[in-house]
Structures are given as structure tokens and as C-alpha cells.
Amino acid sequence: MLTGKAIELLQQLIATPSFSKEENETATILENFLQQHGVSTQRYLNNVWAKNKYFEAGKPCLLLNSHHDTVKPNKAYTLDPFTPIIKDGKLYGLGSNDAGGCLVSLLSVFLYFYEARDLKYNLVFAATAEEEISGRNGIEALLQYLPEIECGIVGEPTLMDMAIAERGLLVLDVTTMGKAGHAAREEGENALYKALPDIEWFRNFAFEKVSPLLGKVKMSVTVIETENRAHNVVPSSCRFVVDVRVNELYTFEEVLEIIRANVKSEVVPRSLRMRSTSIKIEHPLVQSGIHLGRSYYGSPTTSDKALMPFQTLKMGPGDSARSHTADEFIFVDEIEKGINLYIQLLKQVL
């Protein structure tokens, strides 16, 4: 019954466009679904959440979370992204894999345990918005309204293996100053040339700490520009962008300190929000997964896990390699297996 209802709900969600910041209708679908199953819901913006029936004050809380927003459909789609089709065991549709399958599976698990008594943890379910754009009106805005959370599961497609660490994302705007002049004469101080040693440093520098899960900190210069539109002016400033993927062994502040000690240009981070995270192997959630034969790894991609100030395990049905692809799909049996594995995982913890 859980799988059948989960598939029906996912088909409803696929058929309802829910681009980031435009998730109002899918939030209402999720509210109605939970209420139809006797669950009292709460909502903040486009985030829907609920507590287990026998929630006890003072007991630690475990969060079950995934997102219901999607990216816009890839231009290479050959199928209607908003028409859920089941063919050859695959459920096609935008958001089916990322992260609709995870969302309906975790919701099903929440319903499975909803009326259970004497659990070691209170359960909190949250279907949140704006994950695909790392928006501020998703889980980050909702946390202030939730009970204090001790740990959680973040539903993202991982083939039901356990992502116990996740790279952080640090985007840097770097500016080098020079002096304008005419390109035909020996005038000015070319800011672009002054930037080259710093760009070369970003290309070649190796941070000392290498994670067994996530590898080294990776830095890539991805954009470079000057203020010039004319070919005959020596640029007075050069701006470039650095994409920094930080492993769990460094804080953003440590990374910035090392960078600023080695380059002459001005370095300004766009945000310090999307931090690297990890959950200890000794944590009961991870140990339960290991007992069930699930492998663990470090994830190179970021998720809402980065915005949670508590230990979380990223895990869910589906395959990250299918996310954001044309004719996105999830196998129907992945959802069934996902629900069952989540239940077995939590039975050992709750």
C-alpha cells in the first residue's frame, strides 16, 4: 500500500510544475495528502512539515527531509516533462529522480512510523522548497519553526548508498587593480597581467589536508573579465571568479585565510552558506546502514544538507547521474526498495 500511494503521489507532483520559488501548488498537494492520512500539517511559505502523532517534549528529534522544487526541463526532452509515464518499469517525468522519489519514499516512511509509540526519537517530516537554487526560503528559513533537531536524513538520489560527507561550495569574486592607459603607448598598468600570477596560484596550489572521502580541496578559475569594451585601452581592473569545492577537513574561514595569504588580489566570498558537512561513521544512522550492507562515500555535489547545523545522512532512491537530464526517470522498484530500506534503517535507530 505504501508503494502504491507513493507512486500515485509522485505522479501528481510530476504533473504539477514546481520550479524553484514557484512550488505553491505542490506544497498544497503535499499538505492535502498528509491531511487525508490523518496527519496535522504546518506550513511556512512553500515548506510543509509535520510531527509524529505521539511527539514527546524533551525527546531528541530526527528529521526526514527532501525537496519538492525542480529545475526547468532540459531542452533535449523528447517526452512531456509534466506527463508522468510508466514504461518498462520506469516512471518518467521532471523531478521523478531529483528528488521526487526520495520525497515520496520518506513521506511513506513517516506515515509508517506516524502512530508508533515509545520511539527513541520524535520524527519530523519536512518537504521543502528552493533546494535547486540554494534559496533562502527553503529549509534554511524553515529551521527556526521546527523543534530542535538532533540528526536527520536528507533525501537525494544516491542509489540508497550513504553519502556521509559532502563538499562545500565557496564562490570567490577576485579583483586585481591596475591603471588605465592607451594600448598603443607604454601607459598604464595592465590589471589583467597583474592577475595572471594569482590565477596561476589558484591553478596549482594544493591544500595539505586530503580527505579519504572527498579528496583534495579543488579550485577552478571559471570566469575572467575586465571593464573594457574597447581593444585599445589597458584595463585598470581585472575580475575573475573562482569555484572552490571544500572538503570536510577545512572550514571556509581556514580556506579563505590560506588564499588571502598567498594572492595579492582582493578576495570576496559570495556566501559562506554552502559549507562542507559530514556525519560520523559511529552515528547510529550510519551504523544501521552498514548493518544493512549499504556502502558509504563522500558526495561531490551540494544539497540542503549544507544548510543544516546538525549531523545528517544523505541517502535516497534514484541515481544522481540521472538528475537534470532529459527524459528524467526513476525505476518504480527503486521507490519500493527505498521505502523498505528506509524503514529497516530506522527500525534499528528508533
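Analyst: For linings, Ala, Val, Leu, Ile, Met, Phe, Trp, Tyr, Cys and Pro count as nonpolar, Asp, Glu, Lys and Arg as charged, and the others, Gly among them, as polar. By that sorting, the lining of the largest cavity has six nonpolar, seven polar and two charged residues. Keep in mind that this is a predicted model, where local features need pLDDT of at least 70 and side-chain atom pairs pLDDT 80 or more, while totals for chains, interfaces and linings use all residues. Residues are numbered from 1 along each chain as its sequence is written, and side-chain values use heavy atoms, with hydrogens and water left out.

User: Which residues and elements line the largest cavity?

Analyst: There are 15 lining residues, and Leu-13, His-68, Thr-70, Gly-95 and Gly-100 lie nearest the centre. Two elements give two or more residues to that lining, α1 (2-14) and α3, and α3 gives the most, with four. Helices (H or I, at least four residues) and strands (E, at least two) are DSSP runs numbered from the N terminus; the protein has eight helices and 18 strands.

User: And how much space is in the second largest cavity?

Analyst: About 30 Å³. Its lining includes Asn-52, Glu-56, Arg-117 and Tyr-121, and overall it splits into four nonpolar, two polar and four charged residues.

User: What lines the largest pocket?

Analyst: That pocket has about 320 Å³ of space. Of its 20 lining residues, Asp-98, Glu-131, Glu-156, Thr-301 and Thr-302 are closest to the centre. The lining comes out as five nonpolar, nine polar and six charged.

User: Which label does Lys-53 get, then?

Analyst: At 43%, Lys-53 is partly exposed. It lies in the loop between β2 (47-51) and β3 (61-67), and its contacts beyond four places in sequence are Tyr-114 and Glu-115.

User: What makes the rings of Tyr-92 and Phe-329 a pair, and of which kind?

Analyst: Rings of Phe, Tyr and Trp (its six-membered ring) pair if their centres lie within 6.5 Å; planes under 30 degrees apart are stacked, over 60 edge-to-face, the rest tilted. The whole structure has 12 aromatic pairs. In this one the centres are 5.7 Å apart and the planes at 55°, so the pair is tilted. Tyr-92 is in strand β5 (residues 90-92) and Phe-329 in strand β18 (residues 329-331), so the pair ties together parts 237 residues apart in sequence. Both residues are buried.

User: Why are Phe-205 and Phe-207 edge-to-face?

Analyst: Their planes are at 85° with the centres 5.0 Å apart, so edge-to-face is the label. Phe-205 counts as partly exposed at 28% relative accessibility, whereas Phe-207 counts as buried at 5%.

User: How do you know that the charged end of Lys-90 sits over the ring of Phe-329?

Analyst: The test is NZ of Lys or CZ of Arg within 6 Å of the ring centre and within 35 degrees of the ring normal. Lys-90 passes, with its charged end 4.6 Å from the centre of the Phe-329 ring. Lys-209 also lies over a ring face, that of Tyr-250, at 5.0 Å from the ring centre.

How values were computed: Buried means under 20% relative accessible area, exposed over 50%, partly exposed in between (1.4 Å probe, protein chains only). On a 1 Å grid over the protein atoms alone, a cavity is a set of points where a 1.4 Å probe fits but cannot get out, and a pocket is an open set with protein on both sides within 12 Å along at least five of seven lines; lining residues have an atom within 4 Å of a point. Grid points are joined across faces, edges and corners, and a volume is the space filled by probe spheres set on the points. Contact means heavy atoms within 4.5 Å.
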